[in-house]
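The following note sets out numbered points for a colleague who is reading the sequence beside the structure. Please take the points in order, with the structure open.

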Amino acid sequence: MALIEARQLTKTYRMGTAKQQAAGGGMTVHALQGVSLDIEEGDFVAIMGASGSGKSTLMNILGCLDLPTSGEYRLAGEEVEAMASDQLASIRNRRIGFVFQQFNLLPRTSALENVELPMVYAGVTAVQRRERALAALQRVGLGERWQHTPSELSGGQQQRVAIARALVNNPQLILADEPTGALDSKTSEDIMHLLNELNHQGMTVVIVTHEPDIATWARRKLVFRDGQIVEDSQRSPLAEWRQTEKHARVAGTVSAADVGQLAGAVQP
Ligand SMILES: Nc1ncnc2c1ncn2[C@@H]1O[C@H](COP(=O)(O)OP(=O)(O)OP(=O)(O)O)[C@@H](O)[C@H]1O
Ligand SMILES: [Mg+2]
């Protein structure tokens, strides 16, 4: 069973007032036009395509932030398309971590509290929240900066905080919509190192990017055009990709405890 199983997803946005629409007016946007896609556990997928081709629309559906107009979507075997909003919130909390281009951190709030936030929704106790948030910050190389607010951190550091927040409920799936879109190329590289390490630890990572350099970090590349997948290519077989990850772990170069250090080592 694949982690993500999507069948014939469509998403249609209707613009204009109900009256305009009833009169056959308004505008209809077909953002997704029949997208079928399986993504296996442990994969690293890059999604590319022109602006407006439907990438974020798909990410929002895969992330259970939005429902498709039609089609089927199963995440880890759970039928998402039939879920009510509280069930969607629950599956998001249990299984998914999000990373966005603009970091989406709370401004006058410390790194620690930003990372604690998803656990508040998940009902984790205050003591455990603190412990796990600190561990996640350490994991992204920001253990010493926990009391800093976003304005006291660089763009790359803010994105690390956002990644720590994405990790803190230990999700199976990380969805990152243009995670390096607001960063310079050196900092982008550091963030991709970090996502790469998380993938090596077994997390499934899906990123949207406009930059071919960034896409080369992924094993599999999808290209969107007009709401459809027009290209689906793989750099190496998934079994081999996973094997590499296993070697790295067995050799002790990428243990979970090392990642904080690794991330620290690649910091500017
Ligand atoms: N909430 C919405 N209401 C109406 N139309 C929308 C909405 N969200 C997206 N669209 C439209 O759906 C289409 C796909 O948008 P989407 O955001 O998925 O593109 P994208 O591939 O992520 O583009 P970009 O690279 O610019 O982020 C576009 O035509 C967009 O205008
Ligand atoms: Mg987008």
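Two strands are said to pair if DSSP finds at least two bridges between them. The model discussed here is a predicted one.

1. The hairpin of β9 and β10. With that definition in hand, the hairpin of β9 and β10 may be examined: 2 residues lie between its strands, and Asp-226 takes a positive phi near 50°. The two strands run antiparallel, and 6 bridges join β9 to β10, the latter covering residues 228–234. One such pairing sets Leu-222 against its bridge partner in β10, Asp-232.

2. The two faces of β9. In a regular strand the side chains alternate between the two faces of the sheet. Which residues of β9 point to the buried face? They are Arg-220, Leu-222 and Phe-224.

3. The six-stranded sheet. These strands belong to an open sheet of 6 strands, ordered β6-β7-β8-β3-β9-β10, in which the pairing is mixed. Its edge strands are β6 and β10, each of which pairs on one side only. Direction ignored, neighbouring strands of this sheet are turned by 15° against each other on average.

4. Helices on the sheet. Helix α6 packs on this sheet, where it touches β6 and β7 (173–177), and its direction makes about 165° with that of β6. Helix α7 also packs on the sheet; it touches β3, β7 and β8 (204–208), and its direction makes about 150° with that of β8.

5. The packing of α6 against α7. Two packed helices are described by the angle between their axes and the distance between the axes. For α6 and α7 (residues 185–200), the angle is about 20° and the axes are 9 Å apart. Angles under 35 degrees count as roughly parallel, and α6 and α7 are therefore roughly parallel to each other. Helix α6 passes α7 in a right-handed crossing. On the α6 side, the contact is made by Gly-155, Gly-156, Gln-159, Arg-160 and Ile-163. On the α7 side, Thr-187, Asp-190, Ile-191 and Leu-194 make it.

6. The nonpolar core. In soluble globular proteins, nonpolar side chains tend to be buried together. The largest nonpolar core of this model has 62 residues. Those with the most contacts inside it are Val-115, Leu-137, Ala-164, Ile-174, Leu-175 and Leu-195. Which helix gives the most to this core? Helix α6 (residues 155–167) does, with 6 residues. Leaving aside residues up to four places away in sequence, Ala-164 touches Val-115, Ala-136, Leu-137, Arg-139, Val-140 and Leu-142.

7. The four-stranded sheet. A further open sheet is formed by 4 strands in the order β2-β1-β4-β5, with antiparallel pairing. Strands β2 (27–39) and β5 (78–79) are its edges, and each pairs on one side only. Strand β1 (residues 4–15) runs antiparallel to β2 and is joined to it by 10 bridges. Across this pair, Lys-11 stands opposite Leu-32 in β2.

8. Positive phi in loops. Ala-76 counts as partly exposed because 17 C-beta neighbours lie inside 10 Å. Asn-104, likewise not a glycine, has a positive phi of about 55° and is found in the loop between β6 (96–100) and α4 (111–122). With 13 C-beta neighbours inside 10 Å, Asn-104 counts as partly exposed.

9. Thr-216. Is Thr-216 buried or exposed? Thr-216 is exposed, because 12 other C-beta atoms lie within 10 Å and a residue with 12 or fewer is classed in that way. Thr-216 lies in the loop between α8 (212–215) and β9 (220–225). From Ala-76, Thr-216 is 140 residues away in sequence and 26 Å away in space, C-alpha to C-alpha.

Methods. Residues are numbered from 1 along each chain as its sequence is written. Chains are lettered from A and ligands numbered from 1 in the order in which they are written. This is a predicted model: local features need pLDDT of at least 70, side-chain atom pairs count only at pLDDT 80 or more; totals for chains, interfaces and linings use all residues. A residue is buried if 20 or more other C-beta atoms lie within 10 Å of its own, exposed if 12 or fewer, and partly exposed in between; C-beta atoms are placed from the backbone. A nonpolar core is a set of buried Ala, Val, Leu, Ile, Met, Phe, Trp, Tyr and Cys residues joined through C-beta atoms within 7 Å. Two residues are in contact if their C-beta atoms, placed from the backbone, lie within 7 Å. Axes are lines fitted to C-alpha atoms, for helices over the stretch in contact, and angles run from 0 to 180 degrees between N-to-C directions. Angles under 35 degrees count as roughly parallel, over 145 as roughly antiparallel, 65 to 115 as roughly perpendicular and the rest as oblique. A crossing is left-handed if the near helix is turned anticlockwise from the far one by less than a right angle, and right-handed if clockwise.
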